Amino acid sequence: MSTVTWITARGLFGRSRFLMLLPLPLVLIGLAVLCRSLGVDPGQWGPPVLVGLGLAVVLPVVALIVGTGVLGAEIDDGTVVHILTKPLPRWQIVLPKLAVAAGVTAVTVGVPIYVAGVLADSVRLGLALVAASAAGALAYSALFLALSLVTRRPVLLGLVYVLIWEGLLGRFVSGTRVLSIQQWVIALADRMAPTPLLGTTVSVPVAAVLTALVAVGFTVLAIDRLRSFSVAGETS
Amino acid sequence: MSDATGVIHDIGYQRYTGPRLGRRQVFGALYLHGVRTVFGLGRSAKAKIFPWLVVSVVTVVAAGVTAVRSQIGEVVMTYAQFADAMSWLVIFFAAVAAPELVSRDLRSGVLPLYFSRPLPRGDYALSKLLALVTALWLLLGGPQLVMFLGAAFTTNRGVRGVWDELLDLLPGLLYAGLWAVVFASIALLVASLTGKRAFAAGGIVAVFLMTTPVVGVLSILPSQTINQLAFVASPPTLVGGVGNWALGDRLTQGRGGMPIGDFGPVYAVAAVLLVAGCVALLLLRYRKVAAR
C-alpha cells in the first residue's frame, strides 16, 4: 500500500465530515427493511428504492463527494504541492487516489444495496447490484477525479451531470440515456440477475464497453492533466 | 530623571462626526450584497456561469411554454405547475447559491470582522436567508412574468382576459414564494455547517434528493393515512401539498392534484414547523460560530 493511498484514506476518514455520508446508506437500508416488514409487494417498492434511491441518488452523490474530495480537497487548500514536488510519476498519484475513491464509494454503496437487493428479490440480485454498482463507482470516480483537475468547480459541474443530464434529461429525453452511467449500471445489474425490478433501454454490450471506456479514458485524462497542473488560488 | 521631552504632535486626524447609520442600514447592505453575490454581480465572470446558466434555462422553458400557448392555444403548464416542473433546477440553484453566501465567510474567517460591527448575530443569518429567499423567488417569479406577458399580449378577450390572467399569476407568485422560503431555509442551514463550498453543495443536493424516493415508498405502503401523509417527507412534495390545500383549484386548474386527502392543514403546519426549525437551528449555529 503506497503512501499516497494512506494519505488519501486518512484525508477522507480523518475528518468528521465523512459522517455526512452515512445517512444516505442508512435511509436506503431503512426503507428496504420497512417495506419488507410491512409486506409490501417487492415489484412495487423495488424500483423506487433500488433504482430511484440506490442507483440514481446514493451512488452518484457518494461518488461525487468522495471522488472530488480525494484530489480536489488538496487542490483547494494548496497541499497538493507537497505531493506534486515528490519524485513520483503522475500515474502513481492518480491511480492510488482513484482506487481509494472507487473503493470507498463501492463499499459505502455496496453494503446497503446488497441488503436492499436481498430483501427485494434474492441473493443473486444483491450480488449483481453490488458488482454493477462497483463498476459504476469506478466510472463515476474516474469522471469526478478528472473533473476536479479540469475545472476549479468540480462539484458544481458534477452536479450538473448528475442532476440535469442524468436526472432531468434522462427522464424526458431517451437519447441521453445512452451516455448515462446510471443507465449502464442498471443494464449491467439486470444482465447479471434478470428481474422485472430493473429495466433500461441501453443494451448490455454498449453499457459494458462505455463503462470501461469512461473509467479508462477519464483516468488517462486525469494523469495527463496532472502533468501540466498549475497551482492557483481559490476561485472568486 | 530627565525631563519629559516627548511631544504628541497633532497631525490632523479628525474624528468622524457625521451621522452614523444604524442596524437597519447594516442589514440592508448585507442583504443587497447577498442578492448580488447569488447572481454573481460585481464578481468575476466565473462566478456568473452557474447562476445564469440556471436562469437562462428556466427563462427559455418559460418562453417555450408561452410560444406554444400563443401558437396552438394549449396551456402546457400553469404558473404554479411551472415551479413544480423546475424543481431540479431550483435545487441546483440553491446548491450553487447557499454555499456562496455563507460557506465562503466561514472558510476565510471573516465572521469576527462582521461581528465587530454593530451587527447582531441573528441579523447576519437572517439577511443572508432573506437574500437567498429573494433570489429563489426571482428565479421562479421572473419566468412566470414572462409567461404572463406572453399570455396578456396574445389574449383575445381584451382587458378582461388580462385581468383573468393576472388572477392566475398572483397565486403562482405566492406559490413561488413558498418554494423559495422552504428551500432557502433548508439550503442555508446545510451550507452554514461547513466552510467547504464543495461539501456544502453536495450536502444540499443529498438532502433534497434523498428524501424524494422516501415519498415514493411511503405512498405505496398499505395504509391510506400514510399514503396521504407521504408527501410530508420531502421538501418539494411538501410544498406541493401545501399549495394544493391552500390554493386548491387555482393551482392545478382541474388537472388532478396530489392525493393528500383531508390532511391539508397538517401539511401547512409541517411546512411552518420545518421553516421555523431550520431558521432556529441557523440562528443557534451562528451564535456558536460567533462565539469562537
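Reader: What makes chain A agree with a compact globule?

Author: The radius of gyration, taken over C-alpha atoms, is set against a rule of 2.2 Å times the number of residues to the power 0.38. For 236 residues the rule gives a value near 18 Å, and chain A has 18 Å, so the two agree. The C-alpha atoms of chain A fill a box of roughly 55 × 35 × 35 Å along the principal axes. This is a predicted model: local features need pLDDT of at least 70, side-chain atom pairs need 80 or more, and totals for chains, interfaces and linings use all residues. Residues are numbered from 1 along each chain as its sequence is written, while chains are lettered from A and ligands numbered from 1 in the order written.

Reader: How many helices and strands does chain A have?

Author: Helices are DSSP runs of H or I with at least four residues, strands are runs of E with at least two, and both are numbered from the N terminus. By that count chain A has nine helices and zero strands.

Reader: What is the span of α6(A) set against?

Author: The expected span is 1.5 Å times one less than the number of residues. Helix α6 of chain A, residues 123-150, has 28 residues and reaches 40 Å from first C-alpha to last, close to the 40 Å expected.

Reader: Why is α6(A) called largely enclosed?

Author: A residue is buried if 20 or more other C-beta atoms, placed from the backbone, lie within 10 Å of its own; it is exposed at 12 or fewer, and partly exposed in between. In α6(A), 22 of the 28 residues are buried, so the rest of the structure largely encloses this helix. Across chain A, 50% of the 236 residues count as buried.

Reader: What do the buried residues of α9(A) pack against?

Author: They pack against α5 (91-120), α6 and α8 (181-192) of chain A. Among these buried residues are A:Leu210, A:Val214 and A:Phe218.

Reader: How many residues does each chain give to the contact between chains A and B?

Author: Two residues are in contact if their C-beta atoms, placed from the backbone, lie within 7 Å. Chain A gives 29 residues and chain B gives 27. On the side of chain A, α3(A) brings the largest share, 12 residues.

Reader: Which classes make up that side of chain A?

Author: Ala, Val, Leu, Ile, Met, Phe, Trp, Tyr, Cys and Pro count as nonpolar, Asp, Glu, Lys and Arg as charged, and the others, Gly among them, as polar. The side of chain A that touches chain B has 21 nonpolar, seven polar and one charged residues.
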